[in-house]
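Trainee: I am new to this structure and would like to learn how to read it. Could we take the features one at a time?

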Amino acid sequence: MAHVDAGKTTTTERILYYSGVTSRLGNVDEGSTVTDWMEQEQERGISITAAATTFGWKGHVVNLIDTPGHVDFTMEVERSLRVLDGAIAVFDAVEGVQSQSETVWRQADRYRIPRIAFINKCDREGAEPARVLDEIRTRLGASPIAIQLPLGLGPAFAGVVDLITMRARTWDTASFGASFTDGPIPDDLAEAASQARDAMVEAIAERDDELMAAYVAGRELSEDAIRTALRRITLGNRGVPALVGAAFKNLGIHNLLDAVLHYLPSPADFAEIRGRDPRDPTGAPTLVRRLGRDGDRADTEPLAALAFKVQIDEAGGTLTFVRVYAGCLRVGDAVLNATKGHLEHIGRLVRMFANHREDIKQIEAGMIGAVHDPVPVAAQPSLRTRAEEIDSGPQRSKDRNHLAARVPLAGTREATDGRADDLAGGAIARVPLAATRLSTGDTLADPRAPILLDAMRVPSPVIGVVIEPETDDDVARVAQALERIAIEDPSFRVTTDPDSGQIVISGMGELHLDIIVERMRREFGVRARIGNPQVAYRETVTRRGEGEHKLMRTASRAGGPRGEYGHVQLVVEPTDRGGGYVYENRASTSEIPQEHAPAVEAGVAEAVERGVLAGHPMIDLRVSVVGGSYHPVDSNHYAFKVAGTRAFVEAAHRAAPTVLEPVMALEVVTPDEHVGEVLGDLHARRGKVAGITARPGVQTVACFVPMASMFGYATDLRNRTRGRATYAMELDHYAEVPQQLRDDLIASSATPGA
């Protein structure tokens with residue numbers, strides 16, 4: 001995991017070569033690497049999707065996933081970290097800790113993933129591993145422990161000094177780094193290496209009581225004792241072993257692989273896993289699978305596996321990647337899909353090597369493989385969406401309120417209930433996925449011992465564009481394309497504008513949507529017009545508000561249809577930013593009977609999704625139903641649903657509603673002579689500069705700027721700096737829009753088709 005261009009894929013390519021998986025070294029610039037197998041990855045020279053593979057090293061089997069570095073594809077990092085036990089964080093020795101370095105580090109923090117740091121590109125001019133270590137401490141709040149020193153820097157970089165063995169290692173360029181020589185430390189580095197070793201031992205002793213006792217007692221510390229203590233520190237997330245190298249020059253990879261075995265966890269390091277009862281998906285994770293000491297019981301425990309990625313193959317079938325935590329998944333098994341509540345027949349299992357696969361009979365505990373379903377994916381409007389299937393999961397109350405789409409596509413994590421609209425008239429309201437197909441986030445379990453594992457977090461889209469099929473024939477192709485892409489990518493959403501009928505696709509950024517649109521054209525032959533980008537605005541309330549509605553209709557005549565009665569009283573209050581949407585029912589059953597309570601909740605949820613000002617979903621609010629009444633004959637679900645909707649709208653209008661816009665954390669690296677122009681442009685875009693960091697020749701500007709102001713920024717920045725500046729940005733938070741913009745958005749929403 002790393003910032004874009006830090007060298008993840010190049011490092012992965014060297015790992016596969018030296019471990020014997022491949023017979024030649026691929027090159028990112030030439031589009032010949034194993035893990036960048038997509039056509040667009042090869043053309044653009046960046047990773048777009050997470051690629052899983054397996055290799056062996058010194059008698060151990062290692063599952064490896066090469067993740068994208070661009071923030072637009074952060075979902076790939078999220079899903080990978082959910083199922084991996086450890087991570088290699090790659091840093092550029094020149095650029096240091098960059099914006100996406102911070103993002104992926106926080107993602108790993110959330111899952112408590114042990115890490116080792118690999119400071120790459122030490123062969124480049126301006127490489128400063130010591131500065132990178134300082135930035136890891138200050139910007140990431142981590143505790144890096146340098147276990148190597150570089151032999152030279154920049155073009156003079158030739159190898160590394162191992163501070164544990166106190167030996168120098170250099171690599172043979174003629175063998176492309178496949179062979180190396182260990183020897184004594186050069187005399188001019190001996191003193192520096194001795195000081196660095198002392199600092200390393202002190203850092204380890206400070207974080208490990210066992211080594212501290214030996215260190216204070218003055219006993220000789222063996223290499224094994226140091227490695228064992230450092231392993232304990234790493235597994236406890238109390239420190240991060242840091243190595244140096246230059247993957248492109250084939251330097252440092254063997255040490256990195258050894259460090260993976262020495263310091264990162266294996267499945268045998270985990271004594272248990274915890275999950276929830278599928279009958280109570282919002283409850284505490286009280287169910288336990290005991291894996292035993294050194295994992296010796298893992299294969300004999302009841303099955304517990306998590307589907308973390310779906311990939312469409314060339315024939316239209318699906319490859320669902322799964323991590324098996326306990327038990328064993330075998331061909332021919334009938335296992336419980338604990339997320340959806342039905343059995344899945346396992347017809348074929350494969351082990352993946354990027355986009356190549358190998359048939360296997362089973363996936364053991366601790367391993368990653370894929371379930372192959374050969375049935376082609378097809379749009380099936382009459383079936384429920386994947387989103388509806390998992391909307392009742394543990395994160396429902398929070399996740400469903402960060403929607404960019406009021407009508408989501410199959411494969412998304414949040415949705416509102418409703419029936420699929422017909423694919424007619426050039427409008428696509430919903431393209432659902434068969435309820436029996438495995439999907440991202442599903443748990444597979446032994447039917448006799450059900451368990452529900454936590455799924456991964458799905459980030460909210462921040463940008464959308466309108467897509468219009470050019471001809472009637474293109475409508476079906478658009479439906480198929482959107483269906484397949486949404487199955488693969490949970491961070492991709494689709495909505496239809498209720499007034500204009502236009503299809504809006506939403507994603508994590510301009511590059512994300514560019515890739516999707518290009519895939520639609522190339523892979524599905526879709527001819528479509530693409531509109532201007534749209535910002536994913538939200539609405540919220542700023543104070544407490546109360547609302548009440550009583551729907552009361554009497555029967556028109558004796559013997560005719562019954563009347564309708566529903567009465568709801570509720571309170572709306574703001575929560576902290578990021579609090580999502582929280583719903584509470586505090587009304588007694590004597591006020592709102594239990595059978596009608598879900599209808600009230602559904603009515604409120606629909607109103608929350610529609611918003612009350614400009615038609616945008618509402619977030620960061622709590623809705624509490626506090627009272628109501630019912631009629632023993634005339635009350636029904638419809639009446640309470642309508643009453644809930646109207647009571648919420650009334651309360652929200654009394655709670656001083658406002659519009660929020662996504663604010664991006666932007667980082668611009670620019671030559672000194674262009675800093676003034678860059679700052680002036682950011683000010684014009686309503687940006688707020690948070691800080692400027694200088695290093696020789698360049699300055700890094702950290703800034704918060706509204707997403708609405710950033711369309712086309714790549715071209716503008718390139719023109720202002722003659723192509724010498726670079727930038728990266730990611731969603732940081734939502735903030736209230738200026739009054740004038742709010743008025744414009746409200747006015748626009750009031751204009752049909754606007």
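Mentor: Begin with Met 664, which counts as buried because its relative accessibility is 2%. Buried means under 20% relative accessible area, exposed over 50%, and partly exposed in between, with a 1.4 Å probe and protein chains only. The model is predicted, so local features need pLDDT of at least 70 and side-chain atom pairs count only at pLDDT 80 or more, while totals for chains, interfaces and linings use all residues. Residues are numbered from 1 along each chain as its sequence is written, and side-chain values use heavy atoms, with hydrogens and water left out.

Trainee: Where is the place of Met 664, and with which residues is it in contact?

Mentor: Met 664 belongs to strand E32 (residues 657-671). Helices (H or I, at least four residues) and strands (E, at least two) are DSSP runs, numbered from the N terminus. Contact means heavy atoms within 4.5 Å. Leaving aside neighbours within four places in sequence, Met 664 is in contact with Cys 703, Phe 704, Val 705, Met 707, Met 729, Glu 730, Leu 731 and Asp 732. Met 707 is 43 residues from Met 664 in sequence, yet their C-alpha atoms are 5.9 Å apart in space.

Trainee: Is Gln 98 buried or exposed?

Mentor: Gln 98 counts as buried, because its relative accessibility is 12%. Its place is in the loop between strand E3 (87-92) and helix H4 (99-110). With neighbours within four places in sequence left aside, the contacts of Gln 98 are His 3, Asp 92, Arg 139 and Glu 667.

Trainee: How should I read a pair of strands?

Mentor: Strands of a sheet pair through backbone hydrogen bonds, either parallel or antiparallel. Here two strands pair if DSSP finds at least two bridges between them. Strand E1 (residues 51-57) and strand E2 (residues 60-66) pair in the antiparallel sense over seven bridges. Trp 57 stands opposite His 60 in E2. The two strands form a hairpin with two residues between them, and Lys 58 in the turn has a positive phi of about 50 degrees.

Trainee: Why is E2 largely enclosed by the rest of the structure?

Mentor: Five of the seven residues of E2 are buried, so the strand is largely enclosed.

Trainee: Which sheet has mixed pairing?

Mentor: The open sheet of four strands in the order E28-E29-E31-E30 has mixed pairing. Its edges are strand E28 (545-553) and strand E30 (581-585), each with a single partner strand, so one side of each is left without a neighbour in the sheet. E30 and strand E31 (residues 621-629) run parallel, joined by five bridges. The bridge partner of Glu 584 is Ser 624 in E31. Helix H14 (residues 597-610) packs on the sheet, touching strand E29 (564-574), E30 and E31, and its direction makes about 155 degrees with that of E30.

Trainee: And a core?

Mentor: In soluble globular proteins, nonpolar side chains tend to be buried together. A nonpolar core is a set of buried Ala, Val, Leu, Ile, Met, Phe, Trp, Tyr and Cys residues joined through side-chain atoms within 4.5 Å. The largest one has 45 residues, of which Phe 55, Ile 116, Val 161, Met 200 and Ile 204 touch the most other members. H6 gives the largest share of this core, eight residues. A second, separate core of 34 residues includes Ala 481, Ile 505, Leu 666 and Val 668.

Key
Axes fitted to C-alpha atoms, helices over the stretch in contact; angles between N-to-C directions.
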